[in-house]
Structure formats: C-alpha cells, structure tokens
Amino acid sequence: MDVEIHDRIRVLIVDDVAETRENLRKLLSFDPDIEVVGAAATGEEGVELAKETQPHVVLMDINLPGIDGITATEHIVREVPTAQIVILSVQGETGYMRRAMAAGARDFLVKPPSGDELMSTIRRVYEIGKAQAARIAPPPSAVMGPGGREPARQGHLVAVFAPKGGVGCTTVAVNLAVTLQDRLGGSRKVAILDGNLQFGDVGVMLNLQPSRSVADLAPQIDDLDADMLTAVLTPHPSGLKALLAPPHPEAAEPLLVDDTGTGGGGGRKMRAILRQMLREFDVVVADTWGWVDEVTLTLLDEAVLILLVITPHIPAIKDVRQFMDLAGRLGYPMDKLALVINHADRPTGIRLDQIERALMPSIAHIPYDERAGAMSANRGIPVVTEGAGRPIAQAFARLAKTVSERLEELESGEEEEVVEEWASAETSRRMLGRIFGS
Ligand SMILES: Nc1ncnc2c1ncn2[C@@H]1O[C@H](COP(=O)(O)OP(=O)(O)O)[C@@H](O)[C@H]1O
Ligand SMILES: [Mg+2]
C-alpha cells in the first residue's frame, strides 16, 4: 500500500512582468499547501519549465513576448496533460477567454486577483486535475475488487441537473433510474444517489423509509469498502438500490465540513463515496440540486453524461444557457451534456425547436401528466410504475434507451461523432430575443 503523503499543490507562474511574478509568489507564500515550483517570463520558457517541474497548476498570463499565453497553453495541455491552466488577464481581455478555454485552460482570473480568489481557484482546479488523473490511471484498489479476487466494476455516473428548481429534475432522475433498472436489471447493477444532501427527496419519490443514509458514511470516508456501502443502501421493490439523503438537513453536516484541513470537504467526501459506488454498480444515476456547490461540481465532473432538465419557460432556458457557458469553462466536452425537456407538451408559447436552437438538440421530450406526477410526488410511486403505457412512461422508456445506448458506446470505446453543435452564446441571445418577441 502506498502511504498517501500530504501533497503540496505545485504551482508554476508564467508572466513577463517581474513585479507580477513576485506579487503572485508573495500571495502564494501565505498558503502552506502551495509550493511555487517555478516562474517563467516568456511562453517558451513556461512550456519548458512545465515539462521540467510537472506542476499541478499553471498561472498563465495572456500577453507574452514570443508565443502568447494561449499558444503556450496549447503546448502545455499537450505535453503536460496533468497540469491545470488558469489564465490571468487584465480587464478587457475577456474576449480571449473563449480561445483560452478552447485551448484547454481550466479557469481564468482577472488581474490582480485577490488572495482568496487565487487560492480558491488553485485549489478547485487542482481538485479537478486530481479527479482527472484518477480517471486516467485508477489506483490499484479500483482495479481489483475486495481482497484482490475479482476485477471491480467501473461503472458510469449519469448526473441529472437543473439550474432551476421545480422543473422535474428529481422526477427525471427517479424515473430514469427505475426504467434503467427495468431495462438492464438482469445483467447490470443500477443505483440512484441523492446528491441533494440537505433537502433530497429521492426517498419520498420512491416511497422508501430509509434507516441509513449517505451521511452514515462520513466517519469512514477514507476507508470505504463494499460492505460499508451495502449497509447504507436502501433497496427499492424494482431492484434498484438507493443511497438516500439524510433524514434532516443538519445530518448532512459531517459530509460537508473539511475536517482534514486540506480543503474541499464536501467535494472530497462525495468523490470518495462515488468512487465506491462506481466500483459496485454499472450505472449510478445522481439527482442534484440547482446550486453548483462543491458536492454538485464533483458529481458533474465525475459524470459521463449530464442530463439538463428544462421546462419550456424563459427563466429555465436562460439558466441552462448560463450553465452551458460554465460547462465550457470547466472544460466539459460538448457531448457530455444532454437536454431533457419536461412538460414538453404544455402550451407555453415557446416551441421546442426554438429551445433547441437556443441551446442544443434535446434527447427526450417528457409530457406533462398531472395524475402520474401526483402519484409520484405524494405516494412515492414512480410514474413509470404507476402508469405503464401512458405517454409519460413511454417517454421515460425512450430516454432510458437513449441513455443506455450512450453508455454502451462509451464501454465499447466507440467515438460518437458529434454532428450537432451547441448554439453559440450569440445565437442563443438572438433566439431568446426572438422568443421574447423583441
Ligand atoms: N412531467 C410531469 N408531469 C406532471 N408532474 C410532474 C412532471 N414532472 C415533474 N412533476 C411534478 O412537479 C413537481 C416538482 O418536480 P421535482 O422532480 O421535484 O422537481 P425538481 O427536482 O426540479 O425541483 C413534483 O410534484 C413532480 O411530481
Ligand atoms: Mg429535486
């Protein structure tokens, strides 16, 4: 077993102005977890130093003599793929951001950044890089099952997310999970995880009386194993297993606090839980809440597919548009996001093709079904169970089919050709303008 020594975050600074380099170095020296491993004055030197020092994070200026920060970013992304690049630019250079993000930068800061901004950005991209590295080279424990007997599964996470509350995020997550269980249950293990740690209602929608919840894993977070996970899962009559939210909001606290002093309390713990779940299950569906906190970000990062749930209303569309921009800044590939339009048949005055042109093509249209909705929310009977044969159940069946086909493609390593593109921010604004009638 390798002992996990407390790794300092290795940072490389690239800026042509000596004073800026010194100021950054000074700011970073206040954080004992951060180590500045080098400082370069040109793009070329930055690339060389990155290869030499293998930093976790590179702080990159845009305007540099010789190759500029964007070109240097491209080189570093190629040659030191584990390095996470944060672009530093002065106000007004934000037009470069799209290019910088396209070149593979992880985040950006406006100069001069405050100490807090700088540290928290460095920590955040460092965490993303760590998660990425774990995906590229899973630790030995992830490859072998308990006792090293059988190879562990490497399941897929599907996150269901809606920036706007009340649009049916949990409804989609629950019904998708039950339908996937139905579809794949013979050969695959399916689970649902309630990522809304404080006010989760997956349990209510599945009519489960939980005796244990995700919070019970907090004390053992660093040595989770299959038995501990099994002990906190709640079985659903469909065969689905649910990892439910705690019975009251305060009980989530131990999962959210950072008790190691290494930063990233909620994110670190959720990542550990997810890793264990993906060792035990082929497919994990995660419900989330609409706030991109550390826990949600971890779920979104680790997901192979993010279903964005929306209803045909302007605020919901606007929020998803903003989320798409954030996804771009986080470096998510386009085909990681998929749009699900709920209440798709409601006459709201906005046509579905208008929404799709403003955002992206959708993979499912879920109709409104008042009776099924009420049964689901009040009696905990998923609409797909209650109303098999109803249009809403058929829509979920189609969604589950599409999702499982996507997952199969991932398993067979087939590269799906991305034919369609996201609408650009510009197209989106125009479309939204047209919908408003302006
Ligand atoms: N397609 C639908 N038809 C009828 N009712 C729905 C539909 N989708 C969601 N609902 C109902 O809307 C309410 C909010 O849904 P929920 O999934 O909790 O939203 P969110 O998780 O986005 O806050 C619930 O009462 C749910 O039963
Ligand atoms: Mg919800």
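Thr-298 touches Gly-267, Met-270, Arg-271 and Leu-274, leaving out residues up to four places away in sequence; contact here means heavy atoms within 4.5 Å. Thr-298 sits in helix α12, residues 294-302. Helices are DSSP runs of H or I with at least four residues, strands are runs of E with at least two, and both are numbered from the N terminus. Thr-298 is buried, with a relative accessible area of 3%. Buried means under 20% relative accessible area, exposed means over 50%, and partly exposed is in between, with a 1.4 Å probe and protein chains only.

Before I go on, how to read this. This is a predicted model, in which local features need pLDDT of at least 70, side-chain atom pairs count only at pLDDT 80 or more, and totals for chains, interfaces and linings use all residues. Residues are numbered from 1 along each chain as its sequence is written, chains are lettered from A and ligands numbered from 1 in the order in which they are written, and side-chain values use heavy atoms, with hydrogens and water left out.

Next, the ligand. Which residues come nearest to ligand 1? Of the 16 residues around ligand 1, they are Gly-166, Cys-169, Thr-170, Thr-171 and Asp-369; a residue counts as near if one of its heavy atoms lies within 4 Å. Then the polar contacts, which are pairs of N or O atoms within 3.5 Å; within protein, one must be able to donate a hydrogen and the other to accept it, and residues adjacent in sequence count only if both atoms are side-chain atoms. A backbone N or O atom of Cys-169 lies 2.8 Å from an oxygen atom of ligand 1. For Val-167, again a backbone N or O atom, the distance to a ligand 1 oxygen atom is 3.1 Å. Thr-170 uses a polar side-chain atom, 2.9 Å from an oxygen atom of ligand 1. On its own, ligand 1 has 570 Å² of accessible area, and the protein covers 79% of that; the areas come from the Shrake-Rupley method with a 1.4 Å probe, and for residues only the protein chains shown count as cover. The elements giving two or more residues to the shell are α7 and α15, residues 370-379. Helix α7 gives the most, three residues.

Staying with α7, residues 169-184, Asn-175 is found there. Asn-175 is at 0% relative accessibility, so it counts as buried. A polar atom of its side chain lies 3.0 Å from the backbone nitrogen of Val-383. Beyond four places in sequence, Asn-175 touches Pro-382, Val-383, Val-384 and Phe-396.

Now the cores. A nonpolar core is a set of buried Ala, Val, Leu, Ile, Met, Phe, Trp, Tyr and Cys residues joined through side-chain atoms within 4.5 Å. The largest has 96 residues, and Leu-243 and Leu-307 touch the most other members. Helix α7 gives the most to this core, with nine residues. Apart from it lies another core of 21 residues, including Leu-12, Ala-83, Ala-100 and Ala-103.

Last, two places elsewhere in the chain. In helix α3, residues 69-79, the buried residues are Gly-69, Ile-70, Ala-72, Thr-73 and Ile-76. Seen down the α3 axis, they fall within an arc of 155°, so they line one face of the helix; the arc is that of the directions from the helix axis to the C-beta atoms. Ile-9 lies in strand β1, residues 9-14, and is buried at 3% relative accessible area.
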